[in-house]
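Below is a short briefing on one predicted model. It covers a strand residue, the nonpolar cores and a helix pair.

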Amino acid sequence: MKLQINETSYEVDAEADTPLLWVIRDDLGLTGTKYGCGLAQCGACTVLVDGVAVRSCVTPIEGVAGRAITTIEAIETDEVGKRLVQAWISHQVPQCGYCQSGQVMAAAALLKQTPHPSDEQIAAAMINLCRCGTYNAINAAVHEAATAVTTPDSAVGRGAEQTWTPTHSGAAVATSALALAGNDVFHRQPQSVRANDEESGV
């Protein structure tokens, strides 16, 4: 089966009902997308499919074949993603960091659909769980990233470009979306989960 992930075409040897998360992590080695609950409840596994946030742990690959899939590894390939990453750094959003790749992907989907969201719209869209309770920082970071998003009907005029100014001071923080995505210390890989289930007879 052929999958289009981060603008690269992959031929995947997997069953049609295999969850997309399994393929992303185990087969392709894109470990920025996390396994959290396996039930589409926590949002740690969020990726974009045609720009829409989906929970990859329950999304069969047959349902996304031929569609544009984006993972956290490619979030900085457009301006929305770049500004989100910088806003996350500016507001020092991550604590343990485990859920943050999913949070950033959910925020990207929101800003692509609603470039200047209200607090209510952010709360409605950003429903991924964070056990560290970084919700206020996430809200602030989304607002900051949104101030830089240019839309045809923006307040500064049609086609005009707004200027984004970081709120943090001091030396530039040497990090990127891969830094948010790459720490896999606490990750329980889907492959390991399957192996454990087989051993226990689940």
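V47 lies in strand β3 (residues 46–49); strands are DSSP runs of E of at least two residues and helices runs of H or I of at least four, both numbered from the N terminus. The model is predicted: local features need pLDDT of at least 70, side-chain atom pairs count only at pLDDT 80 or more, and totals for chains, interfaces and linings use all residues. Residues are numbered from 1 along each chain as its sequence is written, and side-chain values use heavy atoms, with hydrogens and water left out.

**V47**
- V47 counts as buried because its relative accessibility is 0% (buried is under 20% relative accessible area, 1.4 Å probe, protein chains only).
- Leaving aside residues up to four places away in sequence, V47 touches L20, I24, T33, V52, A53, V54, S56, I69, T70, T71 and M105 (contact is heavy atoms within 4.5 Å).

**Nonpolar cores**
- The largest nonpolar core has 25 residues, of which I75, L84, W88, L111 and V142 touch the most other members (a core is a set of buried Ala, Val, Leu, Ile, Met, Phe, Trp, Tyr and Cys residues joined through side-chain atoms within 4.5 Å).
- α2 (79–90), α3 (100–113) and α5 (135–146) each give two or more residues to this core, and α3 supplies the largest share, eight residues.
- A second, separate core of 12 residues includes L30, V47, I61 and V64.

**α2 and α5**
- R83, L84, A87, W88 and S90 of α2 meet I138, A141, V142, E144 and A145 of α5.

How values were computed
Buried < 20%, exposed > 50% of the residue type's maximum accessible area, 1.4 Å probe, protein only.
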